[in-house]
Amino acid sequence: MEFDLVFEGGGAKGSVFVGALEVFEEQGHHARRFVGTSAGAITATLLAAKYRSGELLEAVNEKLPDGKPRFSSFMDIPAKFKKHDIENSLTYSIFKKVDIPWVPGMAENYVDGRIFEQLMKIDAYREMFSFIERGGLYAGNAFVNWLREKLDVKIAGLGDSTLAEFQQQTGSDLTLIASDTAANEMLILNHRTAPDCPVVWAVRMSMSIPFVWQEVRWKENWGSYRSKNITGDTIVDGGVLSNFPIHLLTSTDESVRTVMGDTDPNAVPNLGFLIDEKLEVATSLAKRDEEAGDEDLERGMLHNVRRLKTVQRISRLIDTMTDAHDRQIMEAHEAEICRLPAKGYGTTEFDMSDARLTALLEAGRKAMRKHFQNHPA
């Protein structure tokens with residue numbers, strides 16, 4: 001059968017989609033439309049580019065030369081910042097207020113600049129600067145390069161395509177969700193609403209988990225969004241406003257038709273891939289406790305940032321607001337949702353062991369088989 005597919009956000013937990021998709025394909029099913037947020041945006045985009053589950057499995061199993069999962073490279077510390085961004089940052093302005101008693105006033109600006117220049121050579125300091133000034137610890141450039149590479153494998157140049165060009169070259173109807181924090185608006189990105197936006201940057205915006213990856217600023221050459229100029233607006237993870245946007249596939253409201261086109265939502269069934277952190281993953285090995293422990297910087301700045309009470313509170317608030325937004329529509333379409341186990345897995349666990357990854361993939365397979373048994377297509 002043909003389905004409209006929607007994928008929830010969940011970071012590294014999104015690997016569970018691959019196991020579920022194997023069963024989806026084994027049943028002989030295929031997709032008509034693809035919608036995704038964050039990790040779900042990555043999966044939706046690769047499927048829209050004609051990736052099959054076996055190829056997705058190869059991607060999640062890909063290793064770096066040192067044996068670590070390639071996904072772990074997505075936590076890339078920013079290499080540098082533009083001089084303009086540094087000089088106009090709050091961090092630098094506060095730093096310059098520090099008086100160095102033995103340095104003459106005329107020379108202090110020079111000394112300040114030299115000291116700050118040395119600080120920016122330290123990985124941990126650049127992470128901290130990025131966290132304060134750009135809303136996230138990591139640059140996300142390694143992810144952009146990875147996705148561009150994967151898209152080019154399917155069609156030469158697809159990694160540099162805009163959303164409009166992507167639709168023309170693949171024939172796929174792809175929609176990705178991001179959040180515009182300047183306009184306080186959910187962005188529904190597709191070839192109708194943002195035709196000139198590069199597809200890899202649409203995905204990058206959708207997966208910009210607050211505090212983890214740098215927010216993205218909309219560039220002028222990305223064109224308009226729904227005929228509005230949003231150049232310079234700060235864009236973050238779509239999950240902040242809707243982590244499971246199944247309403248875009250089910251609603252017949254004019255407001256939805258405006259962004260999703262005239263495709264009849266009732267012509268084919270929907271299938272939602274929902275990551276359920278309350279469901280156990282059978283036979284999975286426990287991962288290291290990321291909340292307890294010392295303040296060893298060798299474990300990475302992310303570990304220490306997670307321990308900040310303010311970050312924990314804000315994260316819980318975001319989760320609460322997101323759940324409230326999507327819960328009602330999810331309850332109305334429960335029979336169209338496959339709940340995929342992910343209890344005990346971390347959103348940023350991109351370096352998970354092979355054993356834990358294998359268990360997560362198998363959990364996805366079992367969940368999808370059970371879904372089709374309970375809801376025969």
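The model is a predicted one, in which local features need pLDDT of at least 70 and side-chain atom pairs count only at pLDDT 80 or more, while totals for chains, interfaces and linings use all residues. Residues are numbered from 1 along each chain as its sequence is written, and side-chain values use heavy atoms, with hydrogens and water left out.

A cavity here is a set of points, on a 1 Å grid over the protein atoms alone, where a 1.4 Å probe fits but cannot get out, and its lining residues have an atom within 4 Å of a point. Grid points are joined across faces, edges and corners, and the volume is the space filled by probe spheres set on the points. The structure holds three cavities of 30 Å³ or more.

The largest cavity has a volume of about 260 Å³. Its lining is made of 21 residues, and G11, A39, I42, T43 and F71 lie nearest the centre. Sorted by class, the lining of the largest cavity has 16 nonpolar, five polar and no charged residues. In this sorting, Ala, Val, Leu, Ile, Met, Phe, Trp, Tyr, Cys and Pro are nonpolar, Asp, Glu, Lys and Arg are charged, and the others, Gly among them, are polar.

The second largest cavity comes to about 90 Å³. Its lining includes A12, S15, F71 and E349. Here the classes are seven nonpolar, two polar and three charged residues.

Helices (H or I, at least four residues) and strands (E, at least two) are DSSP runs, numbered from the N terminus. Among the contributors, α2 gives the most, with four residues.

Helix α2 deserves a stop of its own. Ten of its ten residues are buried, so α2 is largely enclosed by the rest of the structure. Buried means under 20% relative accessible area, exposed over 50%, and partly exposed in between (1.4 Å probe, protein chains only). Just after α2, K50 takes a positive phi of about 80°.

S206 is found in helix α10 (residues 199–206) and counts as buried because its relative accessibility is 0%. S206 and T37 are 169 residues apart along the chain, yet their C-alpha atoms are separated by 5.9 Å. Leaving out residues up to four places away in sequence, S206 has contacts (heavy atoms within 4.5 Å) that include G36, T37, A41 and D237. The side chain of S206 also reaches the backbone nitrogen of S38 at 2.8 Å.

The other serine, S161, sits in the loop between α8 and α9 (163–170). With 1% relative accessibility, S161 counts as buried. The side chain of S161 reaches the backbone oxygen of L158 at 2.7 Å. Beyond its neighbours within four places in sequence, S161 is in contact with F166, Q169, P198 and V199.

The last stop is a pair of strands. Strand β9 (residues 270–276) runs parallel to β10, and five bridges join the two; strands pair if DSSP finds at least two bridges between them.

How values were computed:
A polar contact is a pair of N or O atoms within 3.5 Å; within protein, one must be able to donate a hydrogen and the other to accept it, and residues adjacent in sequence count only if both atoms are side-chain atoms. On a 1 Å grid over the protein atoms alone, a cavity is a set of points where a 1.4 Å probe fits but cannot get out, and a pocket is an open set with protein on both sides within 12 Å along at least five of seven lines; lining residues have an atom within 4 Å of a point.
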